[in-house]
Amino acid sequence: MDEFLAEIKWEKLMEATQETIYMTSISVLATFILGMLLGLLLFLTSKGGLWQNGAVNFVIAAFVNIFRSIPFIILIVLLIPFTRVLVGSMLGANAALPALIIGAAPFYARMVEIALREIDKGVIEAAQSMGANHFQIIFKVLIPESLPALISGLTVTAISLVSFTAMAGVIGAGGLGHFAYLEGFQRNRSMITLVATIAILILVFIIQIIGDYFTKRTDKR
Amino acid sequence: MITIKNVTKTYGSKRGSVKAVDDVNVDINEGEIFGVIGYSGAGKSTLIRMLNGLEIPTAGSINVAGREISHIKGAKLRKARQEISMIFQHFNLLWSRTVADNIAFPLEIAGVPKKKRQQRVKELISLVGLDGRENAYPSQLSGGQKQRVGIARALANNPKVLLCDEATSALDPQTTDAILELLVDINKRLGLTIVLITHEMHVIRKICHRVAVMEGGRIVEAGPVLQVFKNPKQQITKRFVQQVTEPEETRDTIDHLLTRYPHGQVIQLTFVGDGAEQPLMSNLIRQFPITVNILQGKISQTQNGSYGTLFIHLDGEEKDLKEAIAFISSHEVGVEVISNG
């Protein structure tokens, strides 16, 4: 056992973990903002919505569906030219971000839309009957009333993003995926792969615990 | 306060259009409690929703508190809505906010500064009798308490008109009465004009000054509540009036009695206003050599006086019976012979 453990370069593991955390947190933040925007637009432009607009709804829905359907590993490859222009390189954690965000935001947008649909229409109507404008309805009704679902959706998305970072790692983005694949699999040191896996699991559990805590705390139903 | 003029609302569907509201004309006075009664699908819900612009009439005009609700839009409509509050069958509270924050919500919308908001919320909480519950969430309240929050919320911006959309239909009878009493109290104290829609005649009887009966999108009958009770013209109105005056089992009882008393006559008397308080029965027995048997009776209070029905059985000589009935008729009491024995 000691022999196996000795093989592990702990500094490298720490570095890889930090990279994964970096990629995950930046992409979760961007996914949240972009996904909220797209999800709100999907909800508001849908039939019977405040900004009912078939054309806009169709375009956003098409965009969301297409990017949600492309397998992530293919999406990264497809986005290589775009990433080059944006980041200037194909390697490193930053180079993974565009693909991570474009892959996860449409997924979260759908979850946001579903969460907003769950809101009782009567509550929106009540706000309208009090003379609320659209801005007030969005920030005082739609978001607070769907908050638990928005948070639990973000938790699921964040966990997907952790696994996306691992995939991105294999083709050069760094992080725990990269560490497990290059240092572990390719050099035939299965102990390293195992340790990297455990590190990812711990990360996922932490995200889940934090997500569950806030979902529960915001749910007053 | 409210003028509804030739209002029609048509919904288009694939199989043609449906007239939800059909050429309705109503004038509602300031400080009045006006009820609209009808079965579901009669168009009453569409009608009340047009009063605050949640629905826009296809034709006609609606004027509420001096504003043409049917023709204004955007910021003007939102401003007008602050003076036309609404309460709902399912309360429509924000579950994410406490009682106090729910009541503060319309104040936030109106841009009232925080200090003033807190002050106003305090007043409203004690007005609707929710002291001590300000930090509870709606999920912790009973139906009646939730509607109290709804009412406090509706009153927050000192509206001129309160619209009640089946506000008591989801509540049990006792809670319904408590909420209705609160509405009457508010109407008297604040001089608020109240428009309510319902399918329960009990609600109309208890708090309304005037009532309109809706069927198939049209108002088929309207007038002061007592008058409609006394003299319902349409079949549908008679059925609604029966909800209150004639408990379900009355008909069965009458049928049973008719077989039990083969002689004499069963008569339904209708008392309205002062007539309900005269010693008619004593006089009847004293003046005519007949026997009087009281079968069933009920007196209901309305906002403009009391209203009663009494079923009696009369027996005696035919000539005396005729005279007795003529005597009752001369006392401003409605007489209807149910059946000859």
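In chain B, 6 strands form an open sheet of mixed pairing, in the order 6-7-8-3-9-10; two strands count as paired if DSSP finds at least two bridges between them. The edges of this sheet are strand 6 and strand 10 (218-224) of chain B, each of which pairs on one side only. From one strand to the next, the twist averages 15°. Strands are DSSP runs of E with at least two residues, helices are runs of H or I with at least four residues, and both are numbered from the N terminus.

The model is predicted: local features need pLDDT of at least 70 and side-chain atom pairs count only at pLDDT 80 or more, while totals for chains, interfaces and linings use all residues. Residues are numbered from 1 along each chain as its sequence is written, and chains are lettered from A and ligands numbered from 1 in the order in which they are written.

Within the sheet, strand 3 (residues 33-37) and strand 8 (residues 193-198) of chain B run parallel and are joined by 5 bridges. Here B:V36 stands opposite B:I197 of strand 8. Helix 9 (residues 235-245) of chain B lies across strand 3, strand 9 (210-215) and strand 10 of chain B, and runs at about 125° to strand 9. Such angles run from 0 to 180 degrees between N-to-C directions, and the axes are lines fitted to C-alpha atoms, for helices over the stretch in contact. Two residues are in contact if their C-beta atoms, placed from the backbone, lie within 7 Å.

B:D23 is not a glycine, although its phi is positive, at about 50°. B:D23 belongs to strand 2 (residues 16-28) of chain B. B:N92, also not a glycine, has a positive phi of about 55° and is placed in the loop between strand 6 (84-88) and helix 3 (99-109) of chain B.

Are these residues buried or exposed? A residue is buried if 20 or more other C-beta atoms, placed from the backbone, lie within 10 Å of its own, exposed if 12 or fewer do, and partly exposed in between. B:D23 is partly exposed because 14 other C-beta atoms lie within 10 Å, whereas B:N92 counts as buried because it has 23 C-beta neighbours inside 10 Å.

Chain A has 10 helices and 0 strands. Its C-alpha trace spans about 70 × 40 × 25 Å along the principal axes. Of the 221 residues of chain A, 38% count as buried.
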